[in-house]
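Subject: Structure handover

Hello,

Please find the structure below, with my notes after it. Have it open while you read.

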Amino acid sequence: MTIKVLYFASVRERVGKPEEEIEPPAEVATVGQLMTWLAAQGDEYTYAFENPKVIRAAIDRKHVRPDASIIGAGEIAFFPPMTGG
Amino acid sequence: MTTTIRLQREPFDIAAEVAKLSGGRTDVGAVVTFTGICRADEKDAPIAALTLEHYPGMAEAEIARHTEEARARWPLLGVTVIHRHGRLKPGEVIVLVATASSHRQAAFAAAEFLMDYLKTRAPFWKQVEAAGETAWVDAKAADDEAAERWSAPPPRPDAGK
């Protein structure tokens with residue numbers, strides 16, 4: 001399954017790109033598992049996801065928790081806590 | 001209800017935006033506005049500028065969701081949310097939230113609700129430029145607590161008796 005992944009702010013800087021297409025193995029079923037899998041894809045990913053508890057995620061532009069399923073997701077975004085307003 | 005949600009790089013005319021909420025109608029008795037402005041300091045150190053990054057598409061959707069929630073909670077006649085992105089210098093406006101209602105209580109409460117949620121749920125990130133370096137602004141626990149209070153059930157009518 002190919003998934004479009006977006007990175008923002010400090011996560012984008014650490015990964016070194018704003019977005020990419022990824023193909024995780026089928027056993028990666030949740031947002032939390034995807035973060036663990038991404039963290040093992042190279043030094044820049046390990047750095048970006050070194051503290052997954054502070055990384056927030058959205059699926060198809062809605063906030064989700066780490067236990068959310070990624071099955072059928074069109075677009076998954078990872079970012080630090082928000083600081084707008 | 002009139003709803004205006006805009007994300008933009010360009011500055012805007014606050015007075016004109018506020019006037020639109022009550023223009024051409026006589027049922028609006030209260031307009032509350034909140035204006036967020038770029039300060040010249042962060043953590044007691046001077047800054048040169050702020051850069052706001054956002055998640056296009058989700059930022060608008062998230063603001064729209066919270067605007068709908070505000071509308072369900074209070075009898076609002078209009079809501080305007082304009083949030084800027086890109087590089088802003090101290091003194092420049094970052095965000096405007098304006099709410100219109102027949103009476104002030106709903107307008108005050110809805111403006112505060114929307115700001116609390118903008119701070120913690122709308123996908124924007126601030127980066128400061130200071131002394132030639134850039135750093136991401138840390139989220140504040142106080143902002144999460146401010147947003148959290150809106151998810152508590154409303155006080156019972158007999159509370160405090």
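In what order do the five strands of the open sheet in chain A stand? The order is E2-E1-E5-E3-E4, and the pairing is mixed. Two of these strands, E2 (19-22) and E4 (62-64) of chain A, are at the edges; each has a single partner strand, so one side of each has no neighbour in the sheet. From one strand to the next, the twist averages 30°.

Before going further, note that this is a predicted model. The predictor assigns the complex an ipTM of 0.95 and a pTM of 0.91. For chain B the average pLDDT is 92, and 94% of the residues score at least 70.

Chain A

Inside the sheet of chain A, strand E3 (residues 56-59) and strand E5 (residues 75-79) run antiparallel and are joined by four bridges. You can find the pairing at A:Ala58, which stands opposite A:Ala77 in E5(A).

A:Arg65 sits in the loop between E4 and E5 of chain A. Is A:Arg65 buried or exposed? A:Arg65 has 10 other C-beta atoms within 10 Å, so A:Arg65 is exposed. In sequence, A:Arg65 and A:Thr30 are 35 residues apart, while in space their C-alpha atoms are 9.2 Å apart.

Where the chains meet

The contact between the chains involves 14 residues of chain A and 22 residues of chain B. On the chain A side, helix H1 (9-15) and E5 each supply at least two residues. By class, that side of chain A has eight nonpolar, five polar and one charged residues.

Chain B

Chain B has four helices and 10 strands. Along the sequence they follow the pattern β-α-β-β-β-β-α-β-β-β-α-β-β-α. The C-alpha trace of chain B spans about 55 × 45 × 30 Å along its principal axes. A compact globule of 161 residues would have a radius of gyration near 15 Å, and the 17 Å of chain B agrees with that. Of the 161 residues in chain B, 32% are buried. Among contacts in chain B with a separation of 6 or more, 76% are between residues 24 or more positions apart.

Which strands make up the open sheet of four strands in chain B? They are E1, E6, E8 and E2, in the order E1-E6-E8-E2, with mixed pairing. Strands E1 (2-8) and E2 (30-37) of chain B are the edge strands, each pairing on one side only. On average, neighbouring strands of this sheet are turned by 5° against each other, direction ignored.

Within this sheet, strand E6 (residues 76-84) and strand E8 (residues 93-101) of chain B run antiparallel, with seven bridges between them. One of the bridge pairs is B:Leu76 with B:Ser101 in E8(B). Helix H3 (residues 104-121) of chain B packs on the sheet and touches E2, E6 and E8, its direction making about 145° with that of E8(B). Helix H2 (residues 58-73) of chain B lies across E1 and E6, at about 155° to E1(B).

Strand E5 (residues 49-54) of chain B pairs in the antiparallel sense with strand E9 (residues 124-130) over six bridges. B:Ala49 has B:Glu129 as its bridge partner in E9(B). E5(B) also pairs in the antiparallel sense with strand E7 (residues 86-88) of chain B, over three bridges. There, B:Leu50 has B:Leu88 as its bridge partner in E7(B).

Regards

Note on methods
Residues numbered from 1 in each chain as written. Chains lettered and ligands numbered in written order. Predicted model: local features only at pLDDT ≥ 70, side-chain atom pairs only at ≥ 80, totals over all residues. Pairing = 2+ DSSP bridges. Axes fitted to C-alpha atoms, helices over the stretch in contact; angles between N-to-C directions. Rg over C-alpha atoms; globule rule 2.2 N^0.38 Å. Buried ≥ 20, exposed ≤ 12 C-beta atoms within 10 Å, placed from the backbone. Contact = placed C-beta atoms within 7 Å. Nonpolar A, V, L, I, M, F, W, Y, C, P; charged D, E, K, R; others polar. pLDDT = per-residue confidence, 0-100.
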